[in-house]
Amino acid sequence: MSNPKEYKTIAKFLSLFLGNNCEVLLCDTEEFLYIMNPLDDTPHVGDPLDDLHQNFIDDDAFHSLPYTITYRTSASSGEKLRSATFFIRDDNTLTGFLTLNWKITDFVQMKEILEMLTNGSVFPDTEESTETGSGSIETLSSSVSELINSVMNEARIRFQTTPDRFTTEEKLSIIREMNKRGVFLVKGSVSEVAKEVRSSEPTIYRYLHQINNTQEEKS
């Protein structure tokens, strides 16, 4: 199948199986075609693409990917979402998208409560834990490579640019997020991260040193 409209049955199947907590969007490269389990702020059928999907078209980094998974988004209401997008292609030409937006706010709150009860620590998503690095490490992927890819995909969307154009501050933000998620606890991760953010290994260590010093000054 290459025409996005031919994916309507699959989109409906996913919406029924995953339930009301998961929004399913189907669109071509110009507009939204079908929307199941819509969020409050979801565009309507026939509306032009939003910034997220337009960025997938404009960013060369996504042109060779079959899909992108486990990136974070949020609704205008503040609802936290875990999202994934399948790229529909016809002979390597992008023709559309099938996107899943899973509501995870309730799960995040449950996770925080369980961590407080089991670890006796503050909630990991509060301002204090974000600044000091306290709380547990959040990992959303089974391997470090997948986790690094997840953070990089989020960064491309958030900064609306490609890794070779990331500014120093943007790279520092990316390293801070990877550090928060425990990427650098694994041997060899610095080398892989350096390649992804287009920096040298000494630069990554310098970023980590800067992040750790900032955390110590605030503690």
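Helices (H or I, at least four residues) and strands (E, at least two) are taken as DSSP runs and numbered from the N terminus. The structure is a predicted model, in which local features need pLDDT of at least 70, side-chain atom pairs count only at pLDDT 80 or more, and totals for chains, interfaces and linings use all residues. Residues are numbered from 1 along each chain as its sequence is written, and side-chain values use heavy atoms, with hydrogens and water left out.

The protein chain holds 8 helices and 5 strands. From the N terminus, the order of elements is α-β-β-α-β-β-β-α-α-α-α-α-α. Burial is assigned by relative accessible area: buried is under 20%, exposed is over 50%, and partly exposed lies in between (1.4 Å probe, protein chains only). By this criterion, 39% of the 219 residues of the protein chain are buried. A contact requires heavy atoms within 4.5 Å. Of the contacts in the protein chain with a separation of 6 or more, 48% join residues 24 or more positions apart. Accessible areas were computed by the Shrake-Rupley method with a 1.4 Å probe; for residues, only the protein chains shown count as cover. The protein chain exposes about 12300 Å², and carbon and sulfur atoms supply 50% of this area.

Helix α2 spans residues 51-58, and its buried residues are L52, H53, N55 and F56. These residues lie on the same side of α2, because they cover an arc of only 155 degrees around the axis. The arc is that of the directions from the helix axis to the C-beta atoms. An α-helix has 3.6 residues a turn, so residues three or four places apart point the same way. The exposed residues D51 and D58 sit on the face of α2 turned away from its buried side. The packing partners of the buried α2 residues are β1 (22-28), β2 (32-36), β3, β4 (80-90), β5 (93-103) and α5 (144-159).

Strand pairing requires that DSSP finds at least two bridges between the two strands. β3 and β4 run antiparallel and are joined by 6 bridges. T73 stands opposite L81 of β4. β4 also pairs with β5, again in the antiparallel sense, over 10 bridges. D90 has T93 of β5 as its bridge partner. The two strands β4 and β5 form a hairpin with 2 residues between them. In the turn, D91 has a positive phi of about 55 degrees.

I69 belongs to strand β3 (residues 67-74). I69 counts as partly exposed because its relative accessibility is 45%. Together, Y67, I69 and F86 make a nonpolar surface patch of about 290 Å². Patches are made of residues with over 30% relative accessible area and no salt bridge; like charges are joined within 9 Å, and nonpolar side chains (Val, Leu, Ile, Met, Phe, Trp, Tyr) within 5 Å. A salt bridge places a side-chain nitrogen of Lys or Arg within 4 Å of a carboxyl oxygen of Asp or Glu.

S189 lies in helix α7 (residues 189-196). S189 is buried, with a relative accessible area of 3%. Apart from neighbours within four places in sequence, S189 contacts V144, I148, V183 and F184. S199 falls in the loop between α7 and α8 (201-218). S199 counts as buried because its relative accessibility is 18%. Residues up to four places away in sequence aside, S199 touches K171, A194 and I204. S199 and T168 are 31 residues apart along the chain, and their C-alpha atoms are separated by 9.9 Å.
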